[in-house]
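Dear colleague,

I am passing on the structure we spoke about, with the sequence alongside. My notes on what turned up in it follow below.

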Amino acid sequence: MNRNILIVEDEHIVALDLKMSLEDLGHTVVATLAYGEEVLATANQLKPDLVLMDIQLAGHMRGTEAAKLLHNEMQLPVIFLSAFCDNAILEHAEQSLPYGYLIKPYDRKELDASIRMALCRHHADQQIRRSELRLQMAMQAAQLGLWELDEKENTLLSSGIVNDLLSNPPEVICDGLEHLMQLFHPSEHQRLQLMFNRDKDINAVMRLAGVAPRWIELFARHFRQPNQTLLVGVMRDVTEQQQSQLQLRQAHAVFQTTAEGILILDQHFKVLSVNPAFSTITGYLPAEVTGQHPEHFLYPKHNNSPVAAKLSELKANHWSGEVVCLRKDQTNFPAWQHICRVKSPQPDSTTSHYVLTFSNISALRRAEENLAKLAFHDHLTGLGNRAKLEKTLKIEVERAIRNKSMLGVMYLDLDGFKLINDTLGHSTGDRLLQVIAQRIGELTRAGDTAIRVGGDEFVIITPDATHPSFYHKVAEKLLRKISEEIELDSSQVSVSCSIGIACFPEDAGSYDELLKCADLAMFAAKESGRNRYSFFNVAMASRTQERVFIEKELKNALLKNSGLALYYQPIIDLQQRRFCGVEALIRWFHADYGMISTEKFIGIAEHSTLIVEVGAWVIDQVCKDMAALQQLGAELKVSLNLSVRQLEDEQLLLRVDQAVERYQVNPELLQFEITETALQDLEDKMAILQALRERGSTIAIDDFGTGFSSLSRLKNLPINCVKIDRSFVMTIPHQSNDIEITRAVCALCQALQLQVVAEGVETPAQQQFLQQLNCDYAQGYLFAKPMPLSELQTWQQNFTFPADRAAGIPRGS
């Protein structure tokens with residue numbers, strides 16, 4: 001057998017003799033080298049089948065080193081030819097794994113036999129390496145890891161993913177069983193130990209150690225030999241498969257238990273399977289629909305099936321929308337349907353099947369109807385509410401513009417309702433509103449809309465009138481019908497109403513302007529004597545313009561903190577005959593128009609949210625002025641007014657607390673006055689008043705006697721003081737009714753231990769009468785007009801109690 005052989009020998013004669021011998025044996029010598037440093041490069045170039053290598057060479061590199069390089073880089077067989085065979089040289093030679101070692105001198109037959117045996121062994125080794133490589137590639141392709149546990153020696157060999165799990169271990173691992181066990185989650189240790197102890201093949205899926213769940217499939221078998229027992233196995237990472245199986249189980253659970261109906265369709269939309277919810281919703285058994293197209297049983301005949309049609313239109317391969325579906329008993333129901341195309345896993349991505357899901361949304365539609373009714377209807381009367389008013393007005397105005405027709409709005413406010421509500425109670429008042437709403441509904445046409453705006457106010461939207469005279473007739477019918485007596489709790493009661501009428505497009509160009517015009521007309525009807533109706537006119541429009549102007553200018557005054565000022569009117573202790581407090585009253589000085597009437601701008605502010613901002617300004621300014629006020633008297637109490645809207649402001653307590661903290665004010669020196677009107681729906685305001693009292697401040701009812709409140713209610717209110725309205729004081733001592741009312745208020749307040757302040761005291765006779773009634777305090781022009789803070793000290797220095805002044809008693813004596 002002819003082979004290519006490389007000779008590495010530093011002695012030229014020996015090399016030449018060896019070459020001749022090899023050629024005589026039929027081999028080819030590809031090259032003869034003397035230096036070990038040249039061996040690897042030459043072998044890479046000439047590709048010999050075998051290398052004959054001397055150990056002692058000409059260069060620095062020994063033959064054993066060159067042989068090691070050849071083995072590691074090229075797996076070439078090397079036979080050493082050396083005259084030396086001591087142990088040190090042999091040990092170095094062994095490290096390169098040579099295929100033979102001949103001691104010089106040797107004969108030709110010995111050389112030939114060594115070469116033949118080396119080449120034969122090398123051929124076998126190559127086959128083993130190729131087989132191992134194929135096995136290794138197969139293991140890698142299958143993502144398998146090999147392990148071998150010597151149960152007697154407790155050593156472990158590993159490869160593949162097992163090495164990865166063990167973090168690149170040494171070739172032989174001591175404490176092999178322990179290392180193997182550590183790969184698995186603690187919950188698996190007992191099961192794994194039992195499997196190892198049984199003399200049976202092992203096949204199990206087990207969780208690996210670590211926080212994130214990972215799973216491997218374990219195969220193993222015991223191999224018993226006389227002196228050795230091996231447990232040999234492979235591992236395969238099956239985390240993805242486990243997760244997929246979990247998802248499949250979850251999907252199956254969803255399929256079986258979801259409330260949505262699910263149909264699995266083939267590529268031709270024929271039913272493959274349905275879930276239990278489908279049968280529950282439709283009444284069909286799975287066998288009744290399998291193999292059928294959904295449009296044959298799931299949709300009404302007049303409704304084209306959206307399944308194929310919708311899918312053919314979709315680019316995203318899915319569609320969702322509302323459809324009408326049929327039950328088995330042919331009753332229909334609204335459904336929300338979703339269709340999804342499922343692609344084939346094949347490279348051509350053709351459709352393999354479709355998934356159709358739907359849910360019965362009948363309950364949702366009923367809930368929406370109920371919500372719409374709640375959203376647009378007043379819960380007490382069943383009429384429309386403010387949201388309904390705005391929506392309907394917008395629609396009707398647009399229709400009136402389109403059809404060039406007339407649209408009317410009638411704004412109703414009941415006269416005398418508050419008296420009935422306060423005297424007979426809120427439940428009676430609610431029943432009265434229900435009766436009135438019913439009467440209004442009886443007088444409206446099919447196209448009209450009746451609205452309860454709130455409280456005792458109503459609006460009727462009346463489209464398509466041919467002439468304004470139509471509204472005269474409707475208004476007169478309403479006045480008559482509403483004023484008829486009503487029996488409530490065995491009591492006959494009656495109310496009237498004031499009606500304001502505005503027409504589109506004559507009076508306004510938009511729906512909100514139209515409503516404002518009707519509102520202004522209603523107020524005009526009230527001012528004209530009530531129980532009547534009034535049409536909007538230009539004079540009312542001018543009042544509207546004035547209101548808009550005042551709102552705008554008042555906003556600027558608040559924004560720039562310019563023009564607003566506080567005046568203080570002294571309050572006199574009638575029993576001690578001394579100055580004891582002040583009431584803060586706001587004034588507005590406009591740069592162009594001078595003093596603006598307080599009644600005018602406060603009235604306008606109360607019809608908007610501006611009153612909250614004005615009130616906040618007053619609270620802050622009073623607290624700011626407190627330092628100067630305390631110089632007039634350490635216990636001087638300051639009263640300031642709170643409007644109804646302020647009591648409804650969620651930020652009121654925060655505004656008070658911030659102002660008190662900012663200016664270091666003692667809250668016990670603040671008295672908050674609320675009007676008697678604010679006592680309506682007091683339940684919503686009790687918490688606010690109580691919170692103010694808990695801070696040490698006092699509460700007073702202003703203008704008491706003008707709001708039809710029952711005197712007996714005072715005992716249930718969180719108040720400290722009552723202020724008698726000036727309308728009762730101004731006629732004393734000439735008007736007997738006012739005298740008795742004033743006397744009754746003072747007596748009741750004394751019994752309830754409430755302080756009393758009389759407003760509008762202008763004459764000594766009024767002062768003396770109030771003193772006789774043991775009225776606590778008084779304020780009015782008899783003592784002082786409201787004045788700026790800068791003038792208050794001068795007034796105090798010159799103040800003399802009126803009776804003392806009349807008797808000539810000097811101040812302070």
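**What was found**

In this predicted model, buried residues account for 44% of the 813 residues in the chain. The chain holds 29 helices and 32 strands, and its radius of gyration is 53 Å, well over the 28 Å that the globule rule gives for 813 residues, so the chain is more spread out than a compact globule. Taken along the principal axes, the box filled by the C-alpha atoms is roughly 160 × 85 × 60 Å. Of the contacts between residues at least 6 apart in sequence, 58% join residues at least 24 apart.

The largest nonpolar core comprises 81 residues, and Y568, I586, V622, L629 and F783 have the most contacts inside it. Helix α21, residues 610-630, gives the most to this core, contributing eleven residues. Once its neighbours within four places in sequence are set aside, F783 is in contact with I572, L574, V761, Q767, A778, W795, F799, F801 and P802. There is also a second, separate core of 31 residues, which includes M406, L412, F458 and I501.

Helix α21 also meets helix α20, residues 598-606: the two axes come within 6 Å and cross at roughly 120 degrees, and α20 and α21 are therefore oblique to each other. On the α20 side the residues involved are I602, A605 and E606, which meet L610, I611 and V614 in α21. By class, this contact of α20 with α21 has five nonpolar residues, one charged residue and no polar ones.

With best regards

Notes: Residues numbered from 1 in each chain as written. Predicted model: local features only at pLDDT ≥ 70, side-chain atom pairs only at ≥ 80, totals over all residues. Heavy atoms only, no water. Core = buried A, V, L, I, M, F, W, Y, C linked by side-chain atoms within 4.5 Å. Buried < 20%, exposed > 50% of the residue type's maximum accessible area, 1.4 Å probe, protein only. Helix = DSSP H or I, 4+ residues; strand = E, 2+ residues; numbered from the N terminus. Contact = heavy atoms within 4.5 Å. Axes fitted to C-alpha atoms, helices over the stretch in contact; angles between N-to-C directions. Parallel < 35°, antiparallel > 145°, perpendicular 65-115°, else oblique. Nonpolar A, V, L, I, M, F, W, Y, C, P; charged D, E, K, R; others polar. Rg over C-alpha atoms; globule rule 2.2 N^0.38 Å.
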